Amino acid sequence: MNTFYQNHETLPVIDEYDVIVTGGGMAGISAAVAASRLGVKVLLLERHIGLGGLATSGLIAYFLPICDGEGTIVSTGICQELYELAVQDSDKEGPFNKRSRSFGNEEGRYEVQFYPMNYQLSLSQYLHDNSVDRLYGVIASTPVIEEGTCVGLIVEQSEGRICYAATSYIDASGECSLFSRTGVETVAGSNTMSSWYYTSSSANPYELHSIGADAPTSFDLVERGNVKAYCGATSTDLTEFILDSENLIRNNENNTENQYRNIAILPSIAQLRTIRRIKGTSELTEDSINSPCNSSIGCVSDWMTCGKIFEVPAGILYSEQISNIIAAGRCVSATGYAYEILRCIPQACMTGQAAGTIAGLMVNNDMKSISDLSIVVLQDQLVRDGVKLHYL
Ligand SMILES: Cc1cc2nc3c(=O)[nH]c(=O)nc-3n(C[C@H](O)[C@H](O)[C@H](O)COP(=O)(O)OP(=O)(O)OC[C@H]3O[C@@H](n4cnc5c(N)ncnc54)[C@H](O)[C@@H]3O)c2cc1C
């Protein structure tokens, strides 16, 4: 095998920010806005050319319940703002009407299917209105670590490698792009096949299809071990997932009943539910359902069952191994059924807001480490910013 030796490269720090967020999905947007509202200078890095991640480019256009299924909204703050924005982009005349799957409650829940391309533009406006700088078409590749602290972030772009510096960094990449390169322990995911795509026909100009392994949750199937599982953390596995997904869609559309319609939109982000998450200072497990939590950073509903709520502990957002990188969205620390709940859109918004608030408070209080921030100060700020910390 040939090998290549690269000269040690000297990279200029081309700009300094207070907070840098990697990933412009629902978690990254929430984190960036929460930090920016604390008056700090925020840069959001996104490798694609639009915002929303899986929720828009991935066509997962379904905001799961932000309520307990018994009439009370539990995921408030930025999550509720983003839910209301999604409702605006769905509650229209024509094929984009609001629909509800009403998990666990026939009367309906605060959940909404939205139109992903409208929503992508709304999210962009939301970021603009909240004074967040952004850079598209860039891959946050390597954190520069000195004695357990991130002092810079190497970014790949078409002109070459550049470096940004900040006080705090947020990993909202959905796959622990930052954490996995710092030595912090991460856990790889396991996924069943799933394909969501839109078709267009004269009968229905805009129709969403979700096909794939049939089970209430992907977790159930992987646990039972009776379907092919994909990890998605390597490019070969990711490619296999995409090729299998294309075959599934092709076969579905070749069915003679479907011959009068065309494919309107295919996903441009792999529809993998879980790629990589951290092992944090705390780890959320199923046992925490309906248990009060002193270090709560917000509440999320168990979207599969009414009346079941997680109060989410702060420790799932960070690891003691690194002082100033905070996880959000799919990167947070949870296992089994708890992760199955926590990896979804409302939960990504909730953990994103908490991560952004930690990052902003660290800057404003001149703190070098997450461990310097008291939970009381964090919780006071979250409550001021509209977050419901306790349900029970
Ligand atoms: C098949 C399927 C069905 C689902 N069904 C639902 C549902 O019905 N309702 C629901 O609420 N949730 C559902 N989910 C889950 C939900 O869509 C996502 O988990 C949620 O949107 C995750 O948000 P996120 O911001 O954490 O991550 P992502 O949406 O993955 O966002 C991460 C962003 O970071 C960017 N990025 C990654 N690495 C880098 C890097 N190194 N540099 C720069 N940018 C980077 C990516 O391009 C992406 O835009 C489903 C998921 C799947 C796959």
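**Figure 1. Helix 7 and the residue that follows it.** Helix 7 (residues 345-364) has 20 residues, which at 1.5 Å a residue should span 28 Å, and its end C-alpha atoms are 28 Å apart, in agreement. The expected span of a helix is taken as 1.5 Å times one less than its number of residues. Helices (H or I, at least four residues) and strands (E, at least two) are DSSP runs, numbered from the N terminus. Buried means under 20% relative accessible area, exposed over 50%, and partly exposed in between (1.4 Å probe, protein chains only). D366 follows helix 7 and has a positive phi, near 55°.

**Figure 2. Confidence along the predicted model.** The structure is a predicted model, in which local features need pLDDT of at least 70 and side-chain atom pairs count only at pLDDT 80 or more, while totals for chains, interfaces and linings use all residues. Residues are numbered from 1 along each chain as its sequence is written, and side-chain values use heavy atoms, with hydrogens and water left out. pLDDT is the predictor's confidence in each residue, from 0 to 100. For the protein chain the average pLDDT is 91, and 92% of the residues score at least 70. Among the elements, helix 1 (residues 26-36) has the highest mean pLDDT, 99, and helix 4 (residues 218-224) the lowest, 54.

**Figure 3. The salt bridge between R47 and E175.** A salt bridge is a side-chain nitrogen of Lys or Arg within 4 Å of a carboxyl oxygen of Asp or Glu. By this rule the count is ten salt bridges. In one of them, the side chains of R47 and E175 meet at 3.1 Å, N to O. This pair links distant parts of the chain, 128 residues apart: R47 lies in the loop between strand 3 (42-46) and strand 4 (62-63), and E175 in the loop between strand 10 (168-171) and strand 11 (186-188). R47 counts as partly exposed because its relative accessibility is 43%, whereas E175, at 18%, is buried.

**Figure 4. Further salt bridges.** Side chains of opposite charge can pair when their charged atoms come close. E156 and R161 form a salt bridge, their closest N and O atoms being 3.2 Å apart. Both ends are partly exposed: E156 has a relative accessibility of 29%, and R161 has a relative accessible area of 30%. R261 and E253 meet in a salt bridge at 2.7 Å, N to O. R261 is buried, with a relative accessible area of 16%, and E253 is buried at 12%. Salt bridges also link K228, E240 and D244 in a network.

Figure 5. Two strands pair if DSSP finds at least two bridges between them. Three bridges connect strand 12 (residues 194-200) with strand 14 in the antiparallel sense, and S200 has N262 of strand 14 as its bridge partner.

Figure 6. Strand 1 and strand 9 (residues 160-165) run parallel and are joined by three bridges. E16 has A165 in strand 9 as its bridge partner.

**Figure 7. Strand 16 and strand 17.** In strand 16 (residues 296-301), six of the six residues are buried. Strand 16 runs antiparallel to strand 17 (residues 309-313), with four bridges between them. Opposite C299 stands E311 in strand 17.

Figure 8. S168 belongs to strand 10 and counts as buried, at 0% relative accessibility. Leaving aside neighbours within four places in sequence, S168 is in contact (heavy atoms within 4.5 Å) with D18, V19, I20, N324, A359, M362 and V363.
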